[in-house]
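Student: Could you walk me through the charged side-chain pairs in this model?
Tutor: Happy to, let's look at the model together.
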Amino acid sequence: MENFSELIRLRRSMRKFTDELLTGDDVKLLLRAALMAPSSKGLHSWEFVVVDDKPAIEALSHCKQQGADFLSGAPLAVVVMGDPQVSDVWIEDASVAATQMLLQAEDLGIGACWIQIRDRRDAQGGDAEENVRQILGIPSHFRILAIVAFGHKGMERKPFNEERLLWEKVHVYSPTLPCF
C-alpha cells in the first residue's frame, strides 16, 4: 500500500471469500498487527483464538441470530477477546487490536469483516458469547468482543466514496482551524 490514506479509503468489509487458504506468513502478519496494538496502561488485556478448522468455523457462523452466516465461507476466523480482570477497558483494547488486523488484511490484499459478538443473541435468545465459548472451549473469565473473518476476496468492492463523508458530524472548537 502506498500510504495510510489510500489504505483506509480502500478497506471495505468483505463477506464473500474464495476457497484459497491464507499462508502461514499472512496469518502471522495479521496476528502481529493485533499484538502490536496499543492498550491502556500497556496491560494488553486482549487475547485471540485463531480458527481454520472448517467444522468449527461453520459452528461459529451460527453463534448469533444474524450477521455471522457468511463466516462459513471464510477460511480463517480470529476470535477477539479481552480479560476484564486485567483491564476495565478491555473492550477498547480489543477493538483497537481488531481494527489493526482489519487494516493489515487490506494492506495484504486480504478480505476481512468484523462480526460483533458482545451483547448479541442467537435465534433462541441465548448469549452469542457463551455459544462461542462452548464451541471453542474458551474459559469463562474471558469476554468475547468479536470474530474477524479473513480470506481472499471473493467479490469486488468499490473504494469508500468520499462524497459520503459526514462532515456535519465534526464539530470544531478552534480559533485557527477552518470548518470542514
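The questions and answers below turn to its salt bridges.

Tutor: A quick word on conventions: this is a predicted model, where local features need pLDDT of at least 70, side-chain atom pairs count only at pLDDT 80 or more, and totals for chains, interfaces and linings use all residues. Residues are numbered from 1 along each chain as its sequence is written, and side-chain values use heavy atoms, with hydrogens and water left out.

Student: How many salt bridges does the structure hold?
Tutor: A salt bridge here is a side-chain nitrogen of Lys or Arg within 4 Å of a carboxyl oxygen of Asp or Glu. One of them pairs Arg118 with Asp119 at 2.8 Å, N to O. The total for the structure is six.

Student: Is Arg133 buried or partly exposed?
Tutor: Arg133 meets Glu130 in a salt bridge of 2.9 Å, N to O, and both lie in helix α5, residues 128–136. Buried means under 20% relative accessible area, exposed over 50%, and partly exposed in between, with a 1.4 Å probe and protein chains only. Glu130, at 30%, is therefore partly exposed. Arg133 has 9% relative accessibility, so Arg133 counts as buried.

Key. Helices (H or I, at least four residues) and strands (E, at least two) are DSSP runs, numbered from the N terminus.
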